[in-house]
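Okay, thanks for coming, everyone. Let me put the model up on the screen, and then we'll walk through it together.

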Amino acid sequence: MVQLPAMEHLITIDSPLFMAGADLDERPAWDMIFGNHNPLVLEIGCGIGDFAVALAGRNPGWNYLALDFYNKGCLKTCRRAERLGVQNIRVIRDEARSFINRCLAKSSLQTVFINCPDPWPKRRQRKRRLVNAAFVGLLADYLLPGGDLYFTTDFADYGLEVARMMAGQERYENVLAPDLWRHDLAEYPRTKYMLKFMSEGSDIYFVHYRRTADG
Ligand SMILES: C[S@@+](CC[C@H](N)C(=O)[O-])C[C@H]1O[C@@H](n2cnc3c(N)ncnc32)[C@H](O)[C@@H]1O
């Protein structure tokens, strides 16, 4: 079960980069929206957008969807992208599963990033975790063959759970093999949460899989 956030007072976001999921058509033509056929990348739970905006700025030949159901985070992400003049990004306020099912075509994503999702640390809360076998199964439908899935967390229990679960997924191959996870990935931008946890001495768990061609 996905835990929806408490009702948040919605500050209006009037950025041209912003899209409210509720206003989106089913499977919008992302190529038309971006004005090109570049590969499509999704970050789920983009927070304040530091990661997605950094990557979009680094890779102008790719299109980025920065997704979060947290309105203030969407606002900050839009402001950051506008401040830095990053155009190849759209910031979407929506719930991840709902957005993926309604607004994406199958086999359309080149890469999916999930950074430091809410850990739901108590044992009885674990069923609320976003990343589990059902969710990565759903993502496999929407990734292109050869498309990448990255998961990061500072929470050891969640990192180990996902790393072990992914090892049993037949539709993915482990890019980091023989390691199930690493504590560093070169060139991977650090998010606000990663930096916070690293400053407190926590290790980050990086998990990286690729959708198999016949998956
Ligand atoms: C702990 S924060 C991490 C933010 C950012 N990725 C980082 O590493 O700094 C988790 C984010 O995921 C968002 N989130 C959690 N579940 C979500 C869901 N089902 N759909 C969309 N966003 C979600 C939250 O609103 C929050 O902004």
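So, strand β7, residues 172-174, pairs with β8 in the antiparallel sense, over three bridges. When I say two strands pair, I mean that DSSP finds at least two bridges between them.

Two quick notes before I go on. What you're looking at is a predicted model, where local features need pLDDT of at least 70 and side-chain atom pairs count only at pLDDT 80 or more, while totals for chains, interfaces and linings use all residues. Residues are numbered from 1 along each chain as its sequence is written.

Back to β8, then. It also pairs with strand β6, residues 143-153, again in the antiparallel sense, over six bridges. If you want to find that on the screen, D148 has R210 in β8 as its bridge partner, and Y150 stands opposite H208 in β8.

How enclosed is β8, residues 205-211? Six of its seven residues are buried, so the strand is largely enclosed by the rest of the structure. Buried here means that 20 or more other C-beta atoms lie within 10 Å of the residue's own; 12 or fewer makes it exposed, in between is partly exposed, and the C-beta atoms are placed from the backbone.

Now zoom out to the sheet. It's an open one of eight strands with mixed pairing, and the order goes β1-β4-β3-β2-β5-β6-β8-β7. At the edges sit β1 (18-20) and β7, each pairing on one side only. From one strand to the next, the twist averages 20°. For angles, the axes are lines fitted to C-alpha atoms, for helices over the stretch in contact, and the values run from 0 to 180 degrees between N-to-C directions.

Helix α3 packs on this sheet, touching β1, β3 (63-68) and β4 (89-93), and its direction makes about 170° with that of β4. By contact I mean two residues whose C-beta atoms, placed from the backbone, lie within 7 Å.

What about β3? Six of its six residues are buried. Both faces are covered, with N63, L65 and L67 on one side and Y64, A66 and D68 on the other. Strand β2, residues 40-44, runs parallel to β3, and five bridges join the two. L42 stands opposite L65 there.

Next, a helix pair. α2 (residues 50-58) and α3 (residues 71-83) pack at an angle of about 25°, with their axes 9 Å apart. The two are therefore roughly parallel to each other, and that label covers angles under 35 degrees, with over 145 being roughly antiparallel, 65 to 115 roughly perpendicular and the rest oblique. Who meets whom? D50, A52 and V53 in α2 meet T77, R80 and A81 in α3. By class, that contact has three nonpolar, one polar and two charged residues. Here Ala, Val, Leu, Ile, Met, Phe, Trp, Tyr, Cys and Pro count as nonpolar, Asp, Glu, Lys and Arg as charged, and the others, Gly among them, as polar.

Leaving aside its neighbours within four places in sequence, F113 is in contact with E43, F51 and Y150. F113 and W181 are 68 residues apart in sequence, and 15 Å apart in space, C-alpha to C-alpha.

Most residues other than glycine have a negative phi, and most peptide bonds are trans. C116 has a positive phi of about 50° although it is not a glycine, and you'll find C116 in the loop between β5 and α5 (133-142). E187 is not a glycine either, and has a positive phi of about 70°; E187 sits in the loop between β7 and α7.

Are these two buried or exposed? C116 is buried, with 22 other C-beta atoms within 10 Å, whereas E187 is exposed, with 6.

And the peptide bond from A177 to P178 is cis, with omega near 5°. P178 lies in the loop between β7 and α7 (192-199).

Note on methods. Helices (H or I, at least four residues) and strands (E, at least two) are DSSP runs, numbered from the N terminus.
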